[in-house]
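User: I am new to this structure and would like to learn how to read the place where two chains meet. Could you take me through it step by step?

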2 protein chains.
Amino acid sequence: MDAALVCHVGYAIDGQPYVIPTLHARDGDTILLHGHAKARTLLHAGAGNPVCIAVTHVDGLVLARSIFNHSINYRSATLYGAGRLLTGRDEKMDALFRFSEKLLPGRWDDVRPLTEQGFAATAIVAVDIDDAAAKIREGMPKDEPEDLGFPTWVGVVPMRQVLEAPLADEHTPPATPLPGYLAVPTASPGDWRWAGATQEA
Amino acid sequence: MDAALVCHVGYAIDGQPYVIPTLHARDGDTILLHGHAKARTLLHAGAGNPVCIAVTHVDGLVLARSIFNHSINYRSATLYGAGRLLTGRDEKMDALFRFSEKLLPGRWDDVRPLTEQGFAATAIVAVDIDDAAAKIREGMPKDEPEDLGFPTWVGVVPMRQVLEAPLADEHTPPATPLPGYLAVPTASPGDWRWAGATQEA
């Protein structure tokens with residue numbers, strides 16, 4: 001979960017499924033979901049309804065000797081729980097800080113703080129995890145023994161998500177130093193940039 | 001859709017939402033979903049129930065002058081429709097071929113064909129798209145005019161998914177040539193490897 005920037009949240013409303021890509025953060029065994037204060041699906045979850053939260057990292061293509069054994073390498077997690085809308089000022093502000101810290105540790109102190117308007121326009125739904133499953137596929141293809149002599153190239157093509165060089169906007173004076181949290185050495189191994197998305201030097 | 005290797009499929013079963021990462025291919029306005037022949041959620045969709053299919057490409061971090069205007073750049077699509085299980089031999093084989101061609105054009109001819117067992121162990125569900133929505137965020141942050149002088153670094157950190165150098169398995173003789181579809185120049189611009197995931201030189 002921590003290695004993913006975005007999760008996919010599933011909702012069931014009147015028998016119709018919805019899947020919405022959503023920014024998330026984590027507070028222990030509670031997942032925090034972030035959205036607009038008027039987002040219908042998020043408010044549905046916030047009213048105590050069940051949600052399913054999925055994250056998937058695609059790590060590579062797996063080329064086997066038979067079509068059937070082709071696959072992908074991946075790490076996925078699926079979490080289940082019911083949502084509750086955060087309404088207390090302190091718990092909501094704490095959640096917003098967690099989102100900021102997850103995205104870029106230290107950024108919170110470098111920018112203009114939240115206004116009351118911005119605070120009110122944001123909804124945070126907390127989902128206490130009731131149940132969860134994880135699946136991982138890694139490594140080389142698993143061919144049938146009788147296929148091992150089949151004459152074709154077999155192996156794995158690794159995939160990863162990378163960050164590229166930061167691009168400043170036109171209002172940033174050229175002499176403005178790049179913040180430390182955008183430099184490679186500040187990213188810790190638990191950071192999503194290193195766990196799921198490896199930052200390029 | 002074509003630029004994504006994996007989609008997230010949402011199901012609503014007895015009021016409970018499920019989100020399952022799934023390989024997909026496309027046949028015109030029909031999305032093909034691939035899974036195990038015994039996958040409960042996929043068979044639920046195959047029985048004519050509604051699904052929601054989401055793909056999301058994360059393209060970058062957006063650092064603004066206010067916490068509130070921080071965002072990510074992304075491209076997402078959400079599709080709605082009802083599933084039907086492919087049961088005809090020809091339509092199912094055609095779908096499997098489309099999956100293979102989407103993953104790696106030309107691979108189908110280089111490997112041992114499907115056995116009856118493999119064919120029977122795979123379920124394909126076709127979803128005719130009834131409704132769809134797409135969202136894109138790109139470019140620099142949108143700060144409030146009064147924030148433009150705030151002294152901090154502001155801009156975008158682009159993200160992309162890349163393929164790395166292929167790794168052969170231990171049973172591939174060292175002299176085996178790398179197939180053309182694993183070399184950079186063979187990937188066409190419409191290919192997911194170029195649209196969503198750019199292959200590194």
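Analyst: What follows is a short walk through the interface of chain A and chain B in this predicted model.

User: How many residues does the contact take from each chain, and what area is buried between chain A and chain B?

Analyst: The size of an interface is often given as the accessible area lost when the parts come together. Here the area buried between chain A and chain B is about 7100 Å², with carbon and sulfur atoms giving 68% of it, and the contact draws 79 residues from chain A and 79 residues from chain B. On the side of chain A, the residues that lose the most area to chain B are A:Ile67, A:Arg112 and A:Trp153, which together account for 11% of what that side buries.

User: Which salt bridges and polar contacts does the rule find across the interface?

Analyst: For salt bridges, the rule looks for a side-chain nitrogen of Lys or Arg within 4 Å of a carboxyl oxygen of Asp or Glu. It finds 6 salt bridges across this interface; one of the salt bridges joins B:Arg160 to A:Glu164, whose closest N and O atoms are 2.3 Å apart. The rule also finds 35 residue pairs in polar contact between chain A and chain B. By class, the side of chain A that touches chain B holds 51 nonpolar, 18 polar and 10 charged residues.

User: Where do strands of chain A and chain B pair?

Analyst: Strand E8 of chain A is joined by 2 bridges to strand E7 of chain B (residues 155-163), and the two run antiparallel. Within this pairing, A:Ala168 stands opposite B:Gly155.

Methods:
Residues are numbered from 1 along each chain as its sequence is written. Chains are lettered from A and ligands numbered from 1 in the order in which they are written. This is a predicted model: local features need pLDDT of at least 70, side-chain atom pairs count only at pLDDT 80 or more; totals for chains, interfaces and linings use all residues. Side-chain values use heavy atoms; hydrogens and water are left out. Contact means heavy atoms within 4.5 Å. Buried area is the accessible area (1.4 Å probe) that two parts lose on being put together, summed over both. A polar contact is a pair of N or O atoms within 3.5 Å; within protein, one must be able to donate a hydrogen and the other to accept it, and residues adjacent in sequence count only if both atoms are side-chain atoms. Ala, Val, Leu, Ile, Met, Phe, Trp, Tyr, Cys and Pro count as nonpolar, Asp, Glu, Lys and Arg as charged, and the others, Gly among them, as polar. Two strands pair if DSSP finds at least two bridges between them. Helices (H or I, at least four residues) and strands (E, at least two) are DSSP runs, numbered from the N terminus.
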